[in-house]
Amino acid sequence: MKLTKWLVLGAIAAMLTVGSVRAQSIDIYREQTQSQKMLHKLGRGITNVLTCWVEVPRSVAAKWEQMDPVSGTIIGSLQGLAWGFTRFASGVYDTVTFPFPVPNDYASLIEPELIITDTWGAAIP
């Protein structure tokens, strides 16, 4: 029963993530309204909360390329945990404050605004 519950939650999270990124790529040709910016901020916040853990393996992989595997694992894990916490906090902030235009005009607190784009390169179509 628990496995089914987690699979359903994972499927919902995946749909929200893909929908948010897809909407972002479509909307670049249109002028965004306040409500679109609010919903984008909400989607960004939820996506960052759900994908903050990706910072750890991303940082470990990056450090492995720069140094030996033991040091890369230790330093990459610590750096990934720090960036993961930062992304999680940014996501919680975006999710809670999505109705308000703070920071200026619903801008992201962290760059890149989504870890998925940074991890795999160009924006997902």
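Accessible areas here come from the Shrake-Rupley method with a 1.4 Å probe. On that basis, the protein chain of this predicted model exposes about 8100 Å², and carbon and sulfur atoms supply 72% of that area. Buried residues account for 29% of the 125 residues in the chain.

Among contacts between residues at least 6 apart in sequence, 69% join residues at least 24 apart. A pair of residues separated along the chain can be located in space too: Val 54 and Arg 87 are 33 residues apart in sequence, with their C-alpha atoms 9.9 Å from each other. Val 54 is found in the loop between helix H2 (34-51) and H3. With a relative accessibility of 11%, Val 54 counts as buried, since the cut-off for that class is under 20%.

The buried residues of H3 are Glu 55, Ser 59, Val 60 and Lys 63. Because these residues cover an arc of only 125° around the axis, they sit on the same side of H3.

Helix H4 (residues 69-96) is the place of Leu 78, a residue that is exposed, with a relative accessible area of 57%. Leu 78 belongs to a nonpolar patch on the surface, formed together with Val 70, Ile 74, Ile 75 and Leu 81. The accessible area of this patch comes to about 500 Å².

A cis peptide bond joins Val 102 to Pro 103, with omega at about -10°. Pro 112 lies in the loop between H4 and H5 as well, and a cis peptide bond links Glu 111 to Pro 112, with omega at about -5°.

Asp 105, placed between H4 and H5, has a phi of about 55° although it is not a glycine. For Tyr 106, located in the loop between H4 and H5, phi is near 65°, again positive in a residue other than glycine. As for accessibility, Asp 105 counts as partly exposed at 41%, whereas Tyr 106, at 6%, counts as buried.

How values were computed. Residues are numbered from 1 along each chain as its sequence is written. This is a predicted model: local features need pLDDT of at least 70, side-chain atom pairs count only at pLDDT 80 or more; totals for chains, interfaces and linings use all residues. Side-chain values use heavy atoms; hydrogens and water are left out. Patches are made of residues with over 30% relative accessible area and no salt bridge: like charges are joined within 9 Å, nonpolar side chains (Val, Leu, Ile, Met, Phe, Trp, Tyr) within 5 Å. A salt bridge is a side-chain nitrogen of Lys or Arg within 4 Å of a carboxyl oxygen of Asp or Glu. Helices (H or I, at least four residues) and strands (E, at least two) are DSSP runs, numbered from the N terminus. Buried means under 20% relative accessible area, exposed over 50%, partly exposed in between (1.4 Å probe, protein chains only). Contact means heavy atoms within 4.5 Å. The arc is that of the directions from the helix axis to the C-beta atoms.
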